Amino acid sequence: MKKINIFVICLFLSTFVACNRTNSQGNALVSSSGRSGEIVVISTDVIWQSELGDSLRAILSQPLLQLPQPEPMFDLLHVTEQNFTGSYKRQRNILQIAIDSAVNSAKTTVKYNLWAEPQLVIRIVAKSTQEAIGQLSTNAQAIINDFLKIELQRFEKAQRSRQDFRLNTIIKQNYKLDIITPEGFFFAVQHEDFAWLRKETKDWGQNLMIFSETYTDTAQFSNEYIINLRDKKTKQYVFGSADSSYVAVERRLPTKTSILQTDKSIAFAVQTEGIWKTEGDFMGGPFISYTMLDSVKNRIITVDAFLYAPNDKKRDLLRQLEALLNAIKLVNAQQTEK
């Protein structure tokens, strides 16, 4: 059996080395507000309309690749420094950009809970527009990760508050997995090594699949292996609305697998994103899965979340599912018995 190289794994984990981070612990902070996926950008009109503003929009409003129709990664709301008062200071996500010829070098700082809670405030200051563009480009992925982390934490908190503990207990006992199961989900299929849970409304459907197999080789974490196994499971268990139709990965579009930093109960994990379709039908949508190594039980376990929302925006509905995956923990026998 091949061993996971922890050193190699660590090379994939991103760090925000160019930023200073602080956590402001104010007293009696008001609750933050703001729409899901919205970032308030504080800058002058000149900056917003300049090449720096173009770079900012290209990075933070870029289309999400895992969605079948274009939707921005974040929605940006521009506010000038003069107008940044009152309700704007209560926004959950804030990005401030300033050009100051007196500064020695460009710097990005990250602060939490300055005017409200929870709140993330990222500030980029540079002595020229070009230096600010360079600072933004260097820290682009880290800035995205920070804002996305806050969004997922908000979705996780909201869904944990309305969890169906009956479902959670069944999943712990049968699949040795601790996952948030919000009210409205139900078992569509339930077997010893496979489960399909659904939540349906008149406009959209959210879905979770759980399946596992014995760990034998690191190749089980490759993109090809993961999507082939997904197709095998969905062809067997996940059917469409038409006779003989079944769910499959859309192979004409790219899928992406990347290494994850997860809960300490999980030895190693990867995330896979792509688009699913229905063979023999016209349904489809985005999916995201976590494939995890359970070293205690020597198994690979996958939790796959997929969405069907033909007439609705999909970004936030998919992030709700991603927040569930992000909170997964593996449980041992002692924990299950409690």
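Predicted model: local features only at pLDDT ≥ 70, side-chain atom pairs only at ≥ 80, totals over all residues.
Gln220 counts as buried, because its relative accessibility is 4% and the cut-off for buried is under 20%. The residue sits in the loop between strand S12 (205-214) and helix H7 (223-237).

Now show side chains. The side chain of Gln220 makes a polar contact with the side chain of Glu213, at 3.0 Å. Leaving out residues up to four places away in sequence, Gln220 touches Glu213, Thr214, Tyr215, Tyr225, Ile226, Thr291 and Ile300.

Next, select Gln91. Which two strands does the loop holding Gln91 lie between? They are S4 (75-79) and S5 (93-99). Gln91 is buried, with a relative accessible area of 10%.

Gln91 and Val40 are 51 residues apart along the chain, yet their C-alpha atoms are separated by 7.2 Å. Val40 is also one of the residues that Gln91 touches, not counting residues up to four places away in sequence.

Last stop: two helices. Select H5 (residues 140-160) and H8 (residues 315-326). Their axes come within 8 Å and cross at roughly 80°. H5 and H8 are therefore roughly perpendicular to each other.

Colour the contact residues:

- On H5, pick Leu148, Leu152, Phe155, Glu156 and Gln159.
- On H8, pick Asp316, Arg319, Gln320, Glu322, Ala323, Leu324 and Asn326.

How many residues of this H5 contact with H8 are nonpolar, polar and charged? The contact divides into 5 nonpolar, 3 polar and 4 charged residues.

Key. Residues numbered from 1 in each chain as written. Heavy atoms only, no water. Helix = DSSP H or I, 4+ residues; strand = E, 2+ residues; numbered from the N terminus. Buried < 20%, exposed > 50% of the residue type's maximum accessible area, 1.4 Å probe, protein only. Contact = heavy atoms within 4.5 Å. Axes fitted to C-alpha atoms, helices over the stretch in contact; angles between N-to-C directions. Parallel < 35°, antiparallel > 145°, perpendicular 65-115°, else oblique. Nonpolar A, V, L, I, M, F, W, Y, C, P; charged D, E, K, R; others polar. Polar contact = N/O pair within 3.5 Å; in protein donor to acceptor, adjacent residues only side chain to side chain.
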